[in-house]
Amino acid sequence: MAQTMATPMPLYAEKQQPPSKSYADAAEKEADSIHGPENTPPTQFIGKGEAERQRSPPFSQPRHRKNGSLRVNGTSKQPKEPQFIVEDLQDKDGEQLTSTKLRFDDKQKPQRTQTELVSGRRAGAKWERSHIHFAPISVPFQRRLQTFMVLAHTLSIPLFLTTFFFLCSIPLFWPLLLPYTIYVLLSSAPSSGTLSHRSPLLRSLPIWSLFASYFPARLHRSARLEPTRKYIFGYHPHGIISHGAFAAFGTEALGFSQLFPGITNTLLTLDTNFRVPLYRDYALALGLASVSRESCENILSKGGPNGEGMGRAITIVVGGARESLDAQPGTLNLVLKRRKGFVKLAIRTGADLVPVLAFGENELYDQVTSDSHPFVHKVQMAVKKCMGFTVPLFHARGVFNYDVGLMPYRKPLNVVVGRPIKVVQAKDGKVDDGYVDEIHGLYVRELERIWEEWRERFEVDRRVELRVIE
């Protein structure tokens, strides 16, 4: 009897799982079905160690494997352009990744077309052509100090005024400032002639040498002056701020005491400057005094070895504010024809006249000319008539540039002191007009002699000759 051998049944039925698809098989299947309906659901990609996810093919064109073209039904399909490359990659964790990229053959690479290129303006071109030339950073420290001293002198009045008003804003100083202000308004020290506030130490400080070397400035003498006489120095031209007069006669920077031993010189300025708080004390300490008639006569008739002014001297900028309006580079116009008051003063006090000509004073600033701006000139003259002074519209260089600012140009200043003109003192203070004209004529001729003798050395780039106007 045949025995039927029963096939042993497995203890459990194995769970049938669909085989996993690789990224390459999925790509082949996608390539075969790429031309199917537009709404065909996307192919599932199942990768090792990767959860199931759905990806839509990024392009609707056939794709190729990196290692060759795809084959369908035993034939090679040539995809339409453009072609895509499918790359099998593996990340650092060993997971399989797939990427696609667009591929062009050499003949299929896009050709660059040559078109006309229109460019805009180049940035910074105007700065290269700018008229402002800035000072370099690597400037010697001494030149920086020179610039600082000239700047401090030029802005001295605004600086002292600012300091005074700042102190006024502090009530603690009011008990001191109130009587001081009354004293400034009523004080006669600028015109007393005693020179009691004069400080030889302040006048001899080395900082004034920095001021004078900025230009640079030099003082020259044509003849010795006897310390037993008294003198009136007439300074020409006025310029804008008369820097040469301050350097030569307001300080000892140029060695006035060495060139003219035994003579005490006082530079004169407007009386209104001595009504500015704090600045008036600074000016008096430098030996400055008022240019009023009373001040001049007191200085020349008091003090000295004999108590009558022997060895005293004053310096007057004869052209005044009117002459400052004609201070143009390359010119030398002196407002002198009708200026005879200083000659009468010399005759009354018995002081000798000493002409002084400053070569280069008019070269320190540029200013608006009366010919090109007649209305501005009329306003300036009206201000001078009402207030006794005027403000020229000038400019020069700045602290950090060479073209714009209120700092003077670095031009040489040569102050030449001429020969003294002997003056006979009038008896009983009566002055003869004929004698005044004679002394005035001698004075003008001495100025012209200085010009003719030294212009080739100190005024090389002159455009006009010396002219005596008004």
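Hi everyone, thanks for coming. Before we start, please keep in mind that the model on the screen is predicted.

Let's begin with strand 12, residues 312–317. How many of its residues are buried? The count is 6 of the 6, so the strand is largely enclosed by the rest of the structure. You can check that face by face: Arg312, Ile314 and Ile316 are buried on one side, and Ala313, Thr315 and Val317 are buried on the other.

Now, which strands pair with strand 12? One is strand 9, residues 231–236, which runs parallel to strand 12 and is joined to it by 5 bridges. If you'd like a spot to look for, find Gly234, which sits opposite Ile316 of strand 12. Another is strand 10, residues 264–269, also parallel, with 4 bridges to strand 12. There, Asn265 faces Ala313.

Next, a loop. Between strand 14 (352–359) and strand 15 (366–367) you'll find Asn362. Is Asn362 buried or exposed? Its relative accessibility is 5%, and buried means under 20%, so Asn362 counts as buried. Its side chain reaches the backbone oxygen of Thr331 at 3.0 Å. Leaving out residues up to four places away in sequence, Asn362 touches several others, including Pro237, Gly239 and Leu332.

Last, the helices. Helix 12 (residues 293–301) packs against helix 14 (residues 341–349) at about 35°, with the axes 11 Å apart, and their crossing is right-handed. Helix 12 brings Arg293, Cys296, Glu297 and Leu300 to the contact, while helix 14 brings Leu345, Arg348 and Thr349. Sorted by class, that makes 3 nonpolar, 1 polar and 3 charged residues.

That's my tour, thank you!

Terms used. Residues numbered from 1 in each chain as written. Predicted model: local features only at pLDDT ≥ 70, side-chain atom pairs only at ≥ 80, totals over all residues. Heavy atoms only, no water. Axes fitted to C-alpha atoms, helices over the stretch in contact; angles between N-to-C directions. Helix = DSSP H or I, 4+ residues; strand = E, 2+ residues; numbered from the N terminus. Left-handed = near helix turned anticlockwise from the far one by under 90°. Contact = heavy atoms within 4.5 Å. Nonpolar A, V, L, I, M, F, W, Y, C, P; charged D, E, K, R; others polar. Buried < 20%, exposed > 50% of the residue type's maximum accessible area, 1.4 Å probe, protein only. Polar contact = N/O pair within 3.5 Å; in protein donor to acceptor, adjacent residues only side chain to side chain. Pairing = 2+ DSSP bridges.
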